[in-house]
Amino acid sequence: MKRAKTEKSTKNSKTKQPGVVRETSSTLTLFPEAEIAKLPVVEKKKEEDEKPSLETTTLWDFPTQSYGKTPKGNNKFQGVTPAFLIWNLIQRYTQPGDLVVDPLSGSGTTIDVCKEEGREVIGYDLTPMRPDVIQNDARKIPLADNSVDMVFIDSPYGDNVDYSDHPDDIGKISCEDERFYHELEKVTLEIYRILKPGKVMGWLIGDQWVKKTFTPVGFRLYDRISRYFETVELICVARRGQSSNTGVWHYRAKKFNFYLRGFKYLLIMRKPEATVTKVKWAKYK
Ligand SMILES: C[S@@+](CC[C@H](N)C(=O)[O-])C[C@H]1O[C@@H](n2cnc3c(N)ncnc32)[C@H](O)[C@@H]1O
């Protein structure tokens, strides 16, 4: 009875005075436009302004390369790393003020994410693209032993991307060639040397399928790295925005019965607390 009366009075007043109808759980209420104009304007946050969320499973996915108001790395750079991935790693494995190193910085995604999150960061690359990246070959990193809190690395996955003409570019070696893993093992040993015991590195790597030949780059690299590091987790990162994500490639994949690469591996590895692993340093002298 009471409810019917409320609805009736609402209906009547709607015809008499202009206003905006706002629905509540039990009744319809009218607000004059003048009152609404006084209310604070709450702007809806755009998706790209949000921080990524902390991933809780071993399947990581994020719709865009970057997030937030300022770009992280350069999304036009072929081989740029998804920024949410580095954000997730530093949230879990570092504290503000910790030192993070990226030995293959490319367009600098690690630098941008770390600076915004209050981490110290050093970025190297064989062919620096920006002034805050230091020119260096990842097989010899100019840092002291046991001095770094986290390393992130997104290495070449083989010779599929033309990063530079530099003769020492690891991306000049095919992932079908054993030498590729041998050179990446040298990088692994440098990362091992500079990391503090118990600290973590994240290594992003993808497999290859070229000319009807599949190469399990992730497994072959993992075989090398796990000789020195303990495994924390192996993550699948959904691949978005790669050049083969087009109608014609999906058509070819069905017609000629092959698969497009849908994910990359993120190998999360920890340097053991106690040095129990026998590292054959002499091999690389
Ligand atoms: C996949 S990209 C890195 C992408 C980067 N994380 C980003 O977000 O832009 C790989 C990088 O490895 C670098 N690189 C190749 N060989 C190297 C070496 N021997 N030492 C250091 N950097 C090297 C290339 O120049 C390239 O920038």
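**Briefing: helices, sheet and ligand shell**

The model described here is predicted. The points below take up the sheet, a pair of packed helices and the surroundings of the ligand.

**The sheet**

- Strands of a sheet pair through backbone hydrogen bonds, in either a parallel or an antiparallel manner.
- In this model, eight strands form an open sheet with mixed pairing, in the order β3-β11-β12-β8-β7-β4-β5-β6.
- The edges are taken by β3 (59–60) and β6 (133–135); each has a single partner strand, so one side of each is left without a neighbour in the sheet.
- Within the sheet, β11 (residues 230–238) pairs with β12 (residues 263–270) in the antiparallel sense, over eight bridges.
- Ala-238 has Phe-263 in β12 as its bridge partner.

**Helices α5 and α6**

- Two packed helices are described by the angle between their axes and by the distance between those axes.
- For α5 (residues 178–194) and α6 (residues 217–225), the angle is about 45 degrees and the axes are 10 Å apart.
- This angle makes α5 oblique to α6.
- The crossing of α5 past α6 is right-handed.
- From α5, Tyr-181, Leu-184, Glu-185 and Thr-188 meet Arg-220, Leu-221, Arg-224 and Ile-225 of α6.
- The residues of this contact comprise four nonpolar, one polar and three charged.

**The ligand**

- The ligand is surrounded by 23 residues, of which the closest are Gly-79, Leu-104, Gly-106, Ser-107 and Thr-109.
- Its shell consists of eight nonpolar, 10 polar and five charged residues.

Notes: Residues are numbered from 1 along each chain as its sequence is written. This is a predicted model: local features need pLDDT of at least 70, side-chain atom pairs count only at pLDDT 80 or more; totals for chains, interfaces and linings use all residues. Axes are lines fitted to C-alpha atoms, for helices over the stretch in contact, and angles run from 0 to 180 degrees between N-to-C directions. Helices (H or I, at least four residues) and strands (E, at least two) are DSSP runs, numbered from the N terminus. Angles under 35 degrees count as roughly parallel, over 145 as roughly antiparallel, 65 to 115 as roughly perpendicular and the rest as oblique. A crossing is left-handed if the near helix is turned anticlockwise from the far one by less than a right angle, and right-handed if clockwise. Two residues are in contact if their C-beta atoms, placed from the backbone, lie within 7 Å. Ala, Val, Leu, Ile, Met, Phe, Trp, Tyr, Cys and Pro count as nonpolar, Asp, Glu, Lys and Arg as charged, and the others, Gly among them, as polar. A residue is near a molecule or strand if its C-beta atom, placed from the backbone, lies within 6 Å of it. Two strands pair if DSSP finds at least two bridges between them.
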